[in-house]
Amino acid sequence: MPSTFGVVDLFAGPGGLGEGFSSLVEDGHAPFRIGISVEKEASAHRTLTLRAFLREYQARHGVLPKEFIDFHAGLASEPDWSAVDAEACQHAVGEARALELGTGPAATAIAGAIATLKAKYDDTILIGGPPCQAYSLVGRVRSRGKVGYVPEEDARHYLFREYIRVLDKLRPAAFVMENVKGMLSSTVESRLVFEMLMEDLSSLGTGRDHHYELRAIRVEGGKASLQEATQPSDFIVRSEAFGVPQRRHRVIIIGIRSDLAAGAADAEIAVSLEARTVNDVIGTMPSLRSGISRGLDDALLWRREVIDAAKLLAGINKGKGDRALREAFRSVSRRMQEASPEVRSASWLPDGYATSNDELLQWLERPGLRAIAQHETRGHMASDLGRYLFAAVFGNVHGYSPKAADFPLALSPDHRNWHSGAFNDRFRVQLADEASTTVTSHISKDGHYFIHPDPLQCRSLTVREAARLQTFSDDYLFLGNRTQQYVQVGNAVPPFLARQIAALIHASLSNPGTREL
């Protein structure tokens with residue numbers, strides 16, 4: 001009988017890493033079952049709980065509940081899930097826990113879960129990653145700007161040790177630890193955080209039967225494998241190498257318990273050699289207009305603002321030698337007058353939805369849905385509409401996002417540092433025929449880094465478009481307000497990547513002769 005592994009998911013966010021593991025099916029068997037997922041942020045925990053409920057409901061009934069389909073489509077308010085399926089709801093509440101790692105209640109809950117998982121499953125797996133704000137380059141810059149900020153007193157720098165404490169108690173067959181690249185260069189107490197982490201991981205097993213062999217994921221020739229790392233950068237995983245339409249680069253450390261490590265050397269899985277693009281996953285989404293955030297907002301006024309901006313930009317580029325750019329602005333002006341998006345939200349399913357043979361689209365588009373959810377635009381200042389339009393047209397013409405110096409003076413924001421170089425990428429368009437840049441939680445602040453490639457829509461990405469770039473399936477509903485939804489999407493691990501990591505670990509653990517004699 002195939003082995004089944006109980007999973008502990010720490011710092012789970014909305015559940016991207018756990019979704020990948022729980023979705024893996026090999027020869028009709030799901031080898032990974034989530035036992036407990038821990039997340040302290042309230043809206044992410046709500047999302048996590050709903051997803052746990054839906055997984056359990058589908059396991060029992062084979063389909064999504066009608067009440068969820070209607071709620072997802074916006075046809076009904078959120079139901080009482082316990083009334084839909086009391087047992088599935090009870091399971092979800094037990095699985096998804098709103099706990100803060102490092103506290104007594106969290107320690108007690110995890111200890112109970114560990115005992116249950118060890119009794120119920122053949123072995124266990126630990127997944128997750130500490131919050132990245134203390135390690136990310138942007139987070140470190142912001143922290144240095146805080147009066148009285150002392151890195152050694154920032155508890156976020158040490159949250160990886162909470163993960164290691166659970167790892168030491170659980171002693172799983174394997175673990176996955178994920179974080180931002182900034183972790184490799186972050187320092188505290190005059191030491192690299194990554195060095196401290198590796199020391200702690202290496203010390204596990206001292207004086208005991210088994211230790212953990214650390215592995216990096218290597219992609220070469222259409223195959224992904226687990227290899228020994230020779231330098232810290234070996235642990236960087238590039239999501240686009242796994243068919244994710246996003247240039248998301250993260251540190252991912254794989255640990256295999258030494259009694260099971262023999263199979264890791266030969267384990268490998270096939271990965272797609274096809275580069276996936278922004279257009280691949282959001283190109284068929286319903287076209288929307290943005291809103292005007294200050295003053296009157298309606299479709300006619302919005303269209304007039306965009307047309308005026310297009311005419312202005314065509315005039316500015318007249319005689320400058322960039323004929324292609326000038327003609328592109330003229331084309332936008334003509335096309336906007338003939339037809340332009342009228343609505344700011346749309347839920348209709350695109351033609352041919354859930355019928356594609358493409359592996360990624362099969363993952364994203366789920367049969368049985370009645371609508372696209374959370375595809376609604378934000379409002380932008382009228383002055384920013386011209387900048388969004390310029391960025392989108394420039395990107396289409398030149399094949400790269402414009403820097404601050406490329407913007408005409410007429411579009412310069414009222415900011416004295418605009419031309420200093422500090423705001424070079426303040427407005428960044430996502431190019432249709434390339435993978436997107438990293439989707440981060442900053443998308444919740446404004447849309448300046450996440451401009452839609454279609455000039456006629458002149459807007460930032462919606463929650464659903466960002467979720468698709470992160471490879472969350474369309475039935476993955478993010479709870480909370482829109483800002484909280486954006487944060488959840490930006491902080492998550494792409495589930496499509498996570499499923500492939502799960503497959504690689506399973507290949508390692510299920511290899512013949514894996515266990516030491």
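Let's start with Glu78, which is partly exposed because its relative accessibility is 33% (buried is under 20% relative accessible area, exposed over 50%, partly exposed in between, with a 1.4 Å probe and protein chains only). This is a predicted model, where local features need pLDDT of at least 70 and side-chain atom pairs count only at pLDDT 80 or more, while totals for chains, interfaces and linings use all residues. Residues are numbered from 1 along each chain as its sequence is written, and side-chain values use heavy atoms, leaving out hydrogens and water.

Glu78 has a partner: its side chain meets that of Arg46 in a salt bridge, 3.1 Å from N to O (a side-chain nitrogen of Lys or Arg within 4 Å of a carboxyl oxygen of Asp or Glu). Arg46 is partly exposed too, at 39% relative accessibility.

Now look at a buried pair. Asp475 and Arg51 form a salt bridge, with their closest N and O atoms 3.3 Å apart. Asp475 has a relative accessible area of 3%, so it counts as buried, and Arg51 is buried at 7%. Both belong to a network of salt bridges that links Glu19, Arg51, Arg55, Glu95, Arg366 and Asp475. The salt bridge count comes to 34.

What about the nonpolar side? The largest nonpolar core has 80 residues, and Phe21 and Ile125 touch the most other members (such a core is a set of buried Ala, Val, Leu, Ile, Met, Phe, Trp, Tyr and Cys residues joined through side-chain atoms within 4.5 Å). Apart from it lies another core of 41 residues, including Leu101 and Phe235.
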